[in-house]
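Dear colleague,

I am handing over the structure below, and after it you will find some notes on what turned up when I went through it. Please read them alongside the coordinates.

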Amino acid sequence: MKRMGCFLLSVYLIGHVLCPLAQSRSADFHLNGDYLLGGLFDIHTSSSVSHDRPEAIVCSSQTFSVLSYRRFQLMRFSVEEINNSTKLLPNVSLGYKIFDHCSVAKNFPGILDLISTDGLIRPWREAHQHVSAPADVVAVVGPFTSTDILAVAPLFMMDLIPLVSYGAASSTFSEKAKYSSFLRTVHSNKDTVKVIVSIMKHFNWRWVAFLSSDDAYGNDGQELFIKMIKDTPICLAYTNKIKQSSNYSVMFQQIEAQRITTIVVFAPKMPAEHLIESAILLGITNKVWIAVETWSLSEKLPKRKDIQKIGTVLGVSQPVLTIPGFSEYMLSSKNKRHSDDADRRRFCNQVCNCSDLNAQDIISMDPSFSFAVYSAVYAIAHALHNVLQCHKDTCDRNNAVYPHKVLAELQKSNFSLLNQSIQFDEHGDPKFGSIFIVFWNQRGDIKEIGFCELLSSGNFFIDDSKIQWHGNGMVPTSLCSQECPVGFSKKQDGIHKCCFTCEECPNGTYINITDDPYKCVECKETEWSTAASTSCTLRQVEYASFQDSGAILILAATLILLVLVLVMCVIFARYYNTPVVKSAGGVMCFLILGCHCLCCLSIVFFFGKPTGLSCLLRMLPFSLLYCTCLACFAVRAFQIVCIFKMAAKFPKLYSWWMTYHGQWLVISGTFVIQSLLHAIGGLYSRPKPYNDTQWSPDKIILTCDFNFLSTYGPVAVVVCLCALCFIFSYMGKDLPKNYNEAKAITFCLLLLTLNWIIFTTAYMLYRGKYIQILNALAVLSSIYSFVLWYFLPKCYIIIFQPHKNTQQYFQGLIQNYTKTISQ
């Protein structure tokens, strides 16, 4: 700290040598008072950044700024207005030290004067290390630009001297860890950029250029803009820095090449005005220009010739309030006699060479930041009011006034000024005022067309009817690619999300442009959609219910079949000892008919909502019992061939077959093998309910999922039994008529085969709910094929042709067959 103090002291002394300060100062820049306010205003502006000697700059030799001079006069007016009032600081007078801060790098003597005490910068003594010594100034108003603040702020932060800026908008200064005694009466860049982005969203401008100054103000604005548009549809198509060396012709050619129509100019007033004038000279047309508060209320540009040709100018502006009494103050001030110039030249950077300036010219200048200066002075005065514990008629001047005390009261500011509630948040940013949206009309006037309330409700409003758009009068578009039709997704083309091609969302997907316009979202399993959809619709759930007409007909046919089988069992039982019943199979007929009855159980489970049990019982009873029936027919055909053709040739085989009841061993073995195969298949993959969403896009078919690998074994057994039936039937084709079952069995097997070929073909072509009805019909037809074409003819002979059901008739057929064989 001691080294820092010595360093500052040496710099300060150098400044005093190079730029001596007298005890009596120009009345414009200095006013004696009980408490002094510092002021930094860039009344002159230095464009040079290089220097070869360690000396302070002579500001009066630089470019004069009438706009800054107006703000300088506003501070003087504000202090004098407070002094002339007895309400705020009774029996206390305010004074000021104001310096022309015309350069960032070569203008430090004035800064060092503000932080000095009695003309000296002294390091803290150990005895007072926690308390700063009373300074000549209690707070400082200014400087204006963010670059100036970056340069001088550390000097004021060191002793917690309040620095209340009326123009520095960089969001960096909201970091209290670095800028502990900084406050401002203007909204930060963060708020300005937020409003600019809101304007772009309002008019759907997505393909924009951002031109910014190459300083702290412009760099901060660009960084904030890039950050704020990150999750929005807006794309930064082009960005560049506005410098003295910028080639505006090349810059605008690049903007034209990318078909950009919206340009944000985030720069101080002079560079921005130079850019716009260059655009006019270069013949740039049909653009939308968005101006920031530094130049949106320019008094010169809106009235510039051919300004309408460049397009439409919209802007954002800090609160613009008329300061009552200021115009009268300027008129009276200019009528006073000023000191001669020779006297002024003795004072460092306190000469403005403005004696010939017309008061009306000052009054009519851009009013931007006027209220910011006015409120900054009043905020310090109110803080001083609290430190001095002022009452109605007096203030306690015995209270020591330290800058850090003023800072503490400034941070707690809460007073009304011109109907504005002046407060600061924890970052030192203002909690008052709105940002206004303005429009430059064709008559050269600047009109307010909207506003954004940042701190209360956050309302954003633009009156579109007040805007006279260039061209055809319609809102200009600023897009890289035209919006996709409804139901189409965007496919990004290049690095920018705003450049894309459109692709139709296929069936089963939809696009939600609010969530993600670049992706077609798949519908849920329970939903469906057509191509180019924006939402999904619930699928219709279908299954073969008991109420379907097809199901009713099949169940009725099943009931008839059961009655028919029952009648056949009665007939066969009644005529059990007759030749026809014995030739049909005897007791085996009851097994076959019983299995047919039990096969009908499978048919019932094809209807209703599928469950794990119903899926299992759809085919298991039929597969097991129908396989047993086929085994009976195969054995029966083999027995007939064995009796008539093999008994004589293979007597031992025939004897073994008859002794051990070979037919029942084969039937039982077939049933056991089929049962084992089903058990193995069930362990591998058990049938289960399945929601088929593939067959129909708008329906869910409730069905059963069968693993065909697990059915290969049982199906192979059925196929083998059918083949044996065909073989044995063919071998016995020349047997006596009443013993020849070849034609009947062959016909039944052909019907069976044709039945399942039809069903398999239908299953491959159709998977809707009616496939379950067709499956039940295939099972029912398989049962009917043997009942109608094998057993029904036998019943017909028994009942209607009893003469063929006699022993004599059958013996006659056997004798004829024997004679035929012997011949």
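**What was found**

V563 lies in helix 14, which covers residues 549-574; please keep in mind throughout that this is a predicted model. With a relative accessibility of 47%, V563 counts as partly exposed, because that value falls between the 20% and 50% cut-offs. Together with L559, L562 and V567, V563 makes a nonpolar surface patch of about 330 Å².

Turning to the chain as a whole, its secondary structure comes to 23 helices and 27 strands, and buried residues make up 50% of its 823 residues. The chain exposes about 39300 Å², of which carbon and sulfur atoms supply 58%.

Helix 4, residues 146-157, has twelve residues and spans 15 Å from its first C-alpha to its last, which is close to the 16 Å expected at 1.5 Å a residue. The buried residues of helix 4 are S146, D148, I149, V152, A153, L155, F156 and M157.

Is S685 buried or exposed? Its relative accessibility is 15%, and S685 therefore counts as buried, the cut-off being under 20%. Leaving aside residues up to four places away in sequence, S685 touches N707 and S710.

Conventions:
Residues are numbered from 1 along each chain as its sequence is written. This is a predicted model: local features need pLDDT of at least 70, side-chain atom pairs count only at pLDDT 80 or more; totals for chains, interfaces and linings use all residues. Side-chain values use heavy atoms; hydrogens and water are left out. Patches are made of residues with over 30% relative accessible area and no salt bridge: like charges are joined within 9 Å, nonpolar side chains (Val, Leu, Ile, Met, Phe, Trp, Tyr) within 5 Å. Accessible areas come from the Shrake-Rupley method with a 1.4 Å probe; for residues, only the protein chains shown count as cover. A salt bridge is a side-chain nitrogen of Lys or Arg within 4 Å of a carboxyl oxygen of Asp or Glu. Helices (H or I, at least four residues) and strands (E, at least two) are DSSP runs, numbered from the N terminus. Buried means under 20% relative accessible area, exposed over 50%, partly exposed in between (1.4 Å probe, protein chains only). The expected span of a helix is 1.5 Å times one less than its number of residues. Contact means heavy atoms within 4.5 Å.
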